[in-house]
Every structure is written in structure tokens, then in C-alpha cells.
Amino acid sequence: MNASTLPDVEQARFNMVEQQIRPWDVLDPKVLDTLFAVRREQFVPPALRALAFSDLEIPLQINAVDTRQTMLAPKVEARLTQELQLTPTDCVLEIGTGSGYQAALLARLAQQVTSVEIDNRLVAFAQQNLQMNNVTNVKVETGDGRNGWGTTEYDAILVTGSVPVVPDAVKYQLRVGGRLVVIVGQMPIMTACRITRTTAASFETVNLFETVVKPLRGATVSQFKF
């Protein structure tokens, strides 16, 4: 790709990938192709589209109302996507839909995505964004997914907000061989982890990187202090 001949929006997308995302060890060619294909700016609230490729979290303001939720920084979205290790036949559960952008990334790499969002305003916003971008293999459902969703087992699960601890109910929604990527901890220390279900009753956890993101909506934060 010749960056010098790109129009402004594509130049900004190119710079986002090359300057923010690649340095964060996102090197999987399929993930990088997906970042170019999914138009992030079309998932950002219209008043904030100038920030679409910036290295920051973007407030999800719907019709001038602050939902108190954000889009994660692009490098975090990309790294979480890569760490799920998706294949084209995977069925994915996303807990916390937000704008729908993360779901759209997952949808290009997997067969089907079920995304659960607790805020009705964001459900409508995400559905509109996905439809506008012709993403047809994401189903957005309204509800509280903190302790899993339904009874289906999934090949991959992504939790888009931090949790103090990982609920067992979420881990047990993985198929054997399935991967859960989740950010665990409380301010100021949080770690992104990949938990793989290795047998019906056992799991393997790998710590991936340190970061800080907002708690999953409704997630209980411990008030215990030493």
C-alpha cells in the first residue's frame, strides 16, 4: 500500500494501523486486513468522527446524551481481536457491544457473532451501524451478560469491559478448545488474559498485557481496602 497516494481518511486509517496498532504487536495479516476493511469512522458518534483514528477512548454520546460508555482505543480493540485467535468457522460471544465496531471486526474473522449489550441506546446505535456497514453475521441482544448468556457454548468469548474476577459461568460457556479474552482487575492494575478451556473441567490462563479500561457495565467493584 502506497501511503503517499491515499485520500485523507484512508491515510488516517493507514497511520492508525502503522503507528498505533502494529507497535502493539498486532501483526496477524488477517487482523490487519480487517482493520483496513471495517470503517471505524462509521461506528463513531457523528459529532466525534474527527477522533475516529486517534489513540484514545471515544465517549459514546448518543443524540447528545452521554451513555458513560466508550469505544476502546484502536490498539486495544485490535489486540483483543488478535488474541481471540479466530477461525472462519468460529461462533463468538461478545459481552458489551458498545458501538458495534468490535463486533464488526470479529464478524469478518468468524462465522457468527452474538453480542450482548445492557444499554438499550447502544443496542440501537450498534444495530444501526452494523446494518449501515452491511455486517449481517452479528446478532445484537439486549441484556446483562456479566454471568454469560444463554446456554450455548462458544468457540470464543470477548468481554469488552474489565471485571474484578472472571465468572465461572462465562468460562463454562467455552467449548473445549475455546478461548475467552477478558481484562481482569481493578484500578490501577488490570491485565488482559486469554483463558482456554482445555478439557471439560480445566482451563489454562495466559496473561497478555497490562491495560486499564472501564468496568463492564454493572460489574461490581470491590470496596474492600487493606
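**Close-up 1. Helix 1 and helix 2 meet in a right-handed crossing.** A crossing is right-handed if the near helix is turned clockwise from the far one by less than a right angle, and left-handed if anticlockwise. This is a predicted model, in which local features need pLDDT of at least 70, side-chain atom pairs count only at pLDDT 80 or more, and totals for chains, interfaces and linings use all residues. Residues are numbered from 1 along each chain as its sequence is written, and side-chain values use heavy atoms, with hydrogens and water left out. Helices are DSSP runs (H or I, at least four residues), numbered from the N terminus. Angles run from 0 to 180 degrees between N-to-C directions, and axes are lines fitted to C-alpha atoms over the stretch in contact. Here R13, F14, V17 and I21 of helix 1 touch L32, L35 and F36 of helix 2 (contact means heavy atoms within 4.5 Å).

**Close-up 2. Helix 3 passes helix 4 in a right-handed crossing.** The angle between helix 3 (residues 74-83) and helix 4 is about 35°, and their axes lie 10 Å apart. Look for E77, L80 and T81 on helix 3, which meet Y101, Q102, L105, L106 and L109 on helix 4.

**Close-up 3. Helix 4 (residues 101-109) is largely enclosed by the rest of the structure, because eight of its nine residues are buried.** Buried means under 20% relative accessible area, with a 1.4 Å probe and protein chains only. Those buried residues are Y101, Q102, A103, A104, L105, L106, A107 and L109.

Note on methods
Buried < 20%, exposed > 50% of the residue type's maximum accessible area, 1.4 Å probe, protein only. Helix = DSSP H or I, 4+ residues; strand = E, 2+ residues; numbered from the N terminus.
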